[in-house]
Amino acid sequence: MLNQKTKGLFVDISEFSILAARTSGFDTPMVIEELAECPLSSDHSPEDIRAFLEQLVDYKGSRYFISRAGVYPEGRFVRFYEAESAGKAKDMAFLSEVLKSDFNINPDQNSVAILDARDGSDFDPASSLSKRLLFCGAPAASFLSEQRQLLECGIYPERLELSTVTTLGGVSDFARFNEMMSPILCVELTSKTANIFIINQGQVDVARPVSFGLDSLYSLLQRELGLKDEASARKLFFSNTFDFAEMGPKLLRRMTKELQASTGFYEVQTGQTIDKVFISVLPKNLDWVSKTVSDSLGLEIMQPNLEKWLESLKIKLAEGVDVSNLGSRWMGLFSLMGEFHLRGGRK
């Protein structure tokens, strides 16, 4: 049984937390009435999450609340591909083979969407003139698992989005709105994997995975501090009790080398200089990661002015809703609300 859609509920669910917003509805113009966060841990149950959401929205005795949700399914991917010609890009059989041969992605086992890398619009092989594409998706089984977990928590996803792509759309639109002319390095870092993107004036120029994530740091932290096991290292890593300012560069050396290689190659190839870095998803107690990366690469951390950007999307804030101190990780949630296509497309 579903509740009536009297209010909008937007949720961005990562392994670290649930970010949620109650709004006046699902379509713009809208008002953000309340924001809430639920940090996640291994002992959180579906009942705990539902109780958190019930403080935000009224289920009216229903089992589910209709929502728009962004998720980070295991095995997700975003891959940039530039075909030899726009004509070649129209051949879906050819693109299917590219997925298999170039990216080791089986189209039969994965839910795949193809976007125009120039503006993030859906790729239409019948009419598109673009040869710059983004393959986006995840294993079908992973999406199904995410849907089941949402339902267990009382969330009925009217629309389910890949948060990695949604966030990229938000950053791209934010860059266009603020007339940022220099490329931006975007990093999505989670436990098992990382994704590296370079956005240039609202277009995706680079999208590549890194095969290691936060989990790879715990053994090094354990050795450095003489801790008894990796579990203790992980607990310390996510605590607010240790200052990682001095040790951070050593812990993240492998990551920063990957980022330096990607940015260096891009800058040599294009002749353009990246001056900002945007790191999504990570919880507030890992803000030191962004600072370490920015210092190591000599880049400025992109700190979005969310209120002005939201206003430009016809999204207002109710009295008492303050977004001035929210970090980059909230970009994914707000990007679920944006109707970027109404900006008018490519210039």
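Trainee: In β12, which residue is the bridge partner of L185?

Mentor: This is a predicted model, where local features need pLDDT of at least 70, side-chain atom pairs count only at pLDDT 80 or more, and totals for chains, interfaces and linings use all residues. Residues are numbered from 1 along each chain as its sequence is written, and side-chain values use heavy atoms, with hydrogens and water left out. β9 pairs with β12 (residues 276-280) in the parallel sense over 5 bridges; two strands pair if DSSP finds at least two bridges between them, strands being DSSP runs of E with at least two residues, and helices runs of H or I with at least four, numbered from the N terminus. In β12, the partner of L185 is V277.

Trainee: And in β10, what's the bridge partner of I184?

Mentor: β10 (residues 194-200) runs antiparallel to β9, with 6 bridges joining them. A hairpin of 4 residues links the two. The partner of I184 there is I199.

Trainee: How many residues of β9 are buried?

Mentor: Buried means under 20% relative accessible area (exposed is over 50%, partly exposed in between, 1.4 Å probe, protein chains only). I184, C186 and E188 point one way, L185, V187 and L189 the other, and all are buried. So β9 (residues 184-189) is largely enclosed by the rest of the structure, the count being 6 of the 6.
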